[in-house]
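Me: Could you walk me through this structure, step by step?

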Amino acid sequence: MDLYSISLTLVLVVTFVGAIAAVYFRDLLNAVVALAVMSGGLALAFFLMEAPDVAIAEAALGAGAITAIFILAIGETEREEKE
Amino acid sequence: MNIMEHIAILVVITPLFGAFSTPFVSLAGKKAADIWVGIFSGLTFVFSILLGLKVLRSGIVIYTLGAPEPAIATVDYNGLIFPVRILLEVDALSALLALVISLIGFFAAIYSWRYMEHDTGVEKFYTLFLLLLTGMLGIVLTGDIFNMYVFLEIMSISAYALVAFRKETFEAVEAGIKYLVVGSAASTLILLAVAILYGVYGSLTIAQIAHLIEVSPSPLIWGALALYLTGFILKAGIVPLHMWLIDAHPAAPSSISALLSGVVIKTGAYAIIRIFFTLYGVEVMNRALIGWIIVVIAVITMFVGGSLGLIQQDLKRLLAYSSVAQMGYIALGIGVALIAFNTTAGDAGLVGALFHLLNHAIMKGMLFLIAGVILHQLGTRNINEMGGLIKKMPITSACFIIGGLAIAGVPPFNGFVSKLILYEASAMISPALAVIAIISSALTLGMYLRVIQTAFLGRAPETLKDIRDPPASMLIPIVILAILIVIFGILPSLPVDSIITPAVEAVKNQASYLSAVLP
Amino acid sequence: MKMSEKPYELSVIVRTVARLLFGLILIFGFYVIVHGHITPGGGFQGGVVTALAVIMLLAAYGYEGVVTEVREKILERFESLGAIMFWTLGLVGVIATATYFADVLYKGTPGELISAGTIPLMNIAVGMKVASGVAVLVIIMSIGMYYSRKYQKAEKEGAEE
Amino acid sequence: MIEGYIPYIFAISLFVLGLGTIVMKNNLIKILIGLDIMESAVHLFLISLGYRTGGTAPIWTGITGEKIFVLPIPQALTLTAIVIGLATLAMALSITVQVYRHYGTLDIREIRRLRG
């Protein structure tokens with residue numbers, strides 16, 4: 001494996017861990033932050049795969065807008081995922 | 001600029017412009033917005049008729065977006081000829097669907113004038129309404145699988161918003177979130193199918209992919225077919241993925257229920273037909289196996305819809321179950337056509353499916369509009385609280401009785417004809433199938449007879465003293481649809497010969513769909 | 001609960017930085033929009049960046065702080081205007097005897113700001129729509145939060161009396 | 001050559017994770033998180049389809065000469081899909097807030113007043 005593949009794999013591992021954390025965390029705010037980590041990793045992966053347009057969109061949305069509306073929605077509802 | 005040259009795109013962009021200009025027009029008051037929406041949905045209807053005439057006269061219409069001329073669909077790159085642009089490809093099937101959609105859309109718009117008079121935020125309602133129309137028309141006219149996904153999402157997102165439009169009632173909100181979650185999951189499956197097909201064949205144009213599938217079928221396309229089928233079976237409200245429909249269709253405002261049950265689920269049926277017969281083509285697939293799967297699903301759908309509909313107390317919920325049952329009939333026709341492709345039975349199955357699709361759009365559109373009238377005048381949807389409506393609102397009641405009997409397949413109405421064609425087609429495959437279809441039709445009859453008996457005949461409760469027929473703008477769409485039901489029932493050859501048969505020919509003739517785009 | 005008694009606000013430093021950055025992010029968003037045809041980015045990305053400026057203001061000042069800067073009614077009209085602009089730019093192709101969305105305007109030299117025909121104009125239209133759309137969305141969602149906070153506060157005061 | 005398949009493996013894992021979340025979880029916000037993960041997986045899948053080893057981004061750079069570009073169409077598709085995803089999610093979250101106002105809970109097992 002060359003350096004490129006290794007870095008891409010690492011970024012994707014971060015993405016996947018972010019996704020698992022987003023599903024796993026019971027505190028929904030933490031889950032949303034993990035989701036933002038996933039989006040950030042995804043944006044980096046897109047950048048590595050030569051898609052800067054998509055990377056900018058994913059970063060601005062995933063880390064910014066989607067997180068914001070999730071947090072607003074959680075603020076109006078409840079923070080804990082009950083069993 | 002010649003209007004007939006651009007007619008295909010005009011059908012899609014007219015409601016789109018109406019949607020985004022409505023917020024400005026509504027600054028001049030609700031009346032202005034009403035008229036504006038009436039004009040734009042009416043224009044869409046007129047353009048759809050013109051498009052249909054053009055297709056009937058000169059065959060498949062190609063419209064390429066961004067090209068120097070509408071009919072240039074391909075580019076020549078060092079001798080390699082392939083389509084790169086987004087294009088609309090309108091054959092008789094697409095034109096038929098566009099006509100039905102814009103017809104019901106136009107009537108629902110007129111009906112909404114008075115029906116939505118007590119609601120706030122009507123300009124948002126109208127915007128979403130016209131976007132819903134845009135999405136549906138785009139799905140049936142486009143010749144590009146990704147574009148179809150985009151229009152599917154335009155349609156679906158406006159439909160979610162419209163179902164949840166009366167957000168102060170728990171019913172709308174609960175139905176909206178259920179519809180949204182399952183609907184978006186289905187859309188994602190469809191997007192994955194698009195991505196797989198693109199990955200395998202490097203193209204998004206339906207004609208190009210169909211050609212490539214014929215030349216070199218790859219095993220991956222069956223995965224894409226399964227994803228596609230799951231997604232569109234859900235969008236079409238066919239059992240086992242029908243539960244959202246039962247909640248969502250009654251919860252929407254009635255003019256939207258008419259659109260949802262009348263035409264939105266039909267776009268799912270359209271997509272299934274398009275995928276089987278055009279995108280994949282009947283030669284490549286094991287059509288007997290897939291056809292029987294569809295037939296079995298269809299039979300279950302008819303029974304589930306019919307039997308659960310029998311016990312409903314809520315009028316709109318009953319109508320929603322009846323929609324499920326009727327989607328079963330359409331699926332039955334598709335399945336029979338797959339099993340016996342290009343035989344008398346297969347042709348009859350397709351004619352039956354498409355004619356029933358047209359009839360059900362008219363019947364269910366009208367029945368939901370009437371349910372809205374009853375809700376608007378009486379303030380209730382519970383059948384047991386109604387009674388003797390035929391004396392109070394004779395015109396509306398007569399239309400409901402016509403529609404109910406038509407949908408149950410009683411002569412001389414249009415539902416009888418299309419169901420008869422379907423019985424004949426399925427009897428040619430297996431007589432047992434026809435018997436099952438007739439039995440499930442009896443369930444539908446029982447369902448509607450109960451409504452007619454309790455709500456329209458019988459004695460009126462004391463509480464329903466001063467109710468009458470609705471204002472003209474609500475009544476006229478209903479009456480016109482009822483007249484269509486009777487005309488199509490007495491003279492079935494009129495629609496069958498003029499629009500259904502060309503559509504069936506278009507479905508069967510995959511080669512001409514391909515050759516219209518590819519040189 | 002300290003937070004629900006006071007109107008929502010963060011510290012002075014955060015608020016000042018947010019106010020300073022607001023203009024900068026707006027300018028960056030506009031930059032991304034108008035350079036969409038020659039650099040990565042475009043109408044959608046620039047629009048979201050522009051809306052992020054509003055989101056940041058919302059985070060620092062809360063709903064009360066934002067409505068003094070931007071009004072959602074006007075933003076809603078901007079959104080529709082962006083859509084109509086996009087639609088009309090598509091029609092230019094039809095008028096110029098080509099088809100819808102055809103790029104018929106002055107193409108220029110690749111790499112310059114004024115080039116690529118209708119594409120930069122479409123980027124501006126999309127940017128307008130996306131920026132106001134996302135901003136409206138966030139503002140409207142925070143209105144509910146603002147009122148439920150107010151409602152809780154009133155309820156608490158009622159309980160104390 | 002396993003390297004070429006790495007993004008696909010991750011895309012499929014993410015898709016399964018998202019679908020599993022939608023099916024298994026009962027909290028509405030969690031379901032929407034699952035939906036977002038599922039959509040992101042499809043975006044990753046699309047971008048991976050377009051990637052060519054040693055290719056450059058399909059943007060105007062001013063450099064002339066022989067070059068491999070990555071495919072631009074999947075990127076355009078992904079961008080569109082991202083926009084659609086944002087719209088769906090925004091709609092979903094605003095309806096979720098309304099659900100909470102009516103039901104006081106986000107547990108889908110308790111949001112079942114519609115029956116029959």
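This is a predicted model: local features need pLDDT of at least 70, side-chain atom pairs count only at pLDDT 80 or more; totals for chains, interfaces and linings use all residues.

**Strands, interface and confidence**

Reply: Gladly, starting with a strand pair: strand β1 (residues 61–64) of chain B and strand β4 (residues 87–90) of chain B pair in the antiparallel sense over 4 bridges. Strands (E, at least two residues) and helices (H or I, at least four) are DSSP runs numbered from the N terminus, and two strands pair if DSSP finds at least two bridges between them. Residues are numbered from 1 along each chain as its sequence is written, chains are lettered from A and ligands numbered from 1 in written order, and side-chain values use heavy atoms, without hydrogens and water.

Me: Which helix gives the largest share of the side of chain C that touches chain B?

Reply: Contact (heavy atoms within 4.5 Å) joins 16 residues of chain C with 20 residues of chain B. Trp87(C), Thr99(C) and Tyr100(C) supply 36% of the area that chain C buries against chain B, counted as accessible area (1.4 Å probe) lost on being put together. The largest share, 9 residues, comes from helix α3 (residues 72–95) of chain C.

Me: What is the mean pLDDT of chain A?

Reply: In chain A, 98% of residues reach 70 or more. The mean is 87.

Methods:
pLDDT is the predictor's confidence in each residue, from 0 to 100. Buried area is the accessible area (1.4 Å probe) that two parts lose on being put together, summed over both.
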